[in-house]
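Dear colleague,

Please find below the structure that I am handing over to you.

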Amino acid sequence: MDPEFGRGSTPYNRKMGDPLYKGSNPCVAPIEQGPFYAVKVLPGSFGTFAGLKTNANAQVVNSSGHAIPGLYAVGTDMASVMGGFYPSGGINLGPAMTFGFIAGRHAAGRSTQTAFACPVGQVDQVGT
């Protein structure tokens with residue numbers, strides 16, 4: 001068991017652990033191979049359905065609909081993908097992480113299409 005946080009102390013916790021880990025606790029194992037990504041997540045209460053208009057690459061667009069070079073918006077700074085609705089607490093988290101990923105790849109000059117697996121014969125619509 002994890003002595004600091006108790007991870008793996010219940011059957012439910014162990015079920016949510018890594019099924020490929022052969023050690024005594026599938027919830028606590030060495031992290032040995034990258035790439036690694038970290039996101040600081042803090043508890044809080046927030047929500048918005050308004051924000052800056054962006055394109056599919058999370059680039060902020062001007063009043064003519066053209067991308068402003070080098071300017072990106074994600075999370076509560078971009079107009080909500082929920083189209084003006086706020087259906088539930090936390091609804092900003094998924095789009096913030098997704099569009100943060102897309103914006104980072106675009107800013108680095110890397111296509112989002114190469115980041116997602118697409119089975120042969122299926123059309124990949126990501127980033128179009």
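Of the 128 residues in the protein chain, 18% are buried (buried means under 20% relative accessible area, exposed over 50% and partly exposed in between, with a 1.4 Å probe and protein chains only). Please note that this is a predicted model, in which local features need pLDDT of at least 70 and side-chain atom pairs count only at pLDDT 80 or more, while totals for chains, interfaces and linings use all residues. Residues are numbered from 1 along each chain as its sequence is written, and side-chain values use heavy atoms, with hydrogens and water left out.

The protein chain has two helices and two strands, in the order α-β-β-α from the N terminus. These elements are DSSP runs numbered from the N terminus: helices are H or I with at least four residues, and strands are E with at least two.

Among contacts with a separation of 6 or more, 37% join residues 24 or more positions apart; a contact means heavy atoms within 4.5 Å.

S63 lies between β1 (59-61) and β2 (67-72), and S63 counts as exposed because its relative accessibility is 83%. Between S63 and K53, which are 10 residues apart in sequence, the C-alpha to C-alpha distance is 9.0 Å.

V39 is located in the loop between α1 (11-15) and β1. With a relative accessibility of 58%, V39 also counts as exposed.

Yours sincerely
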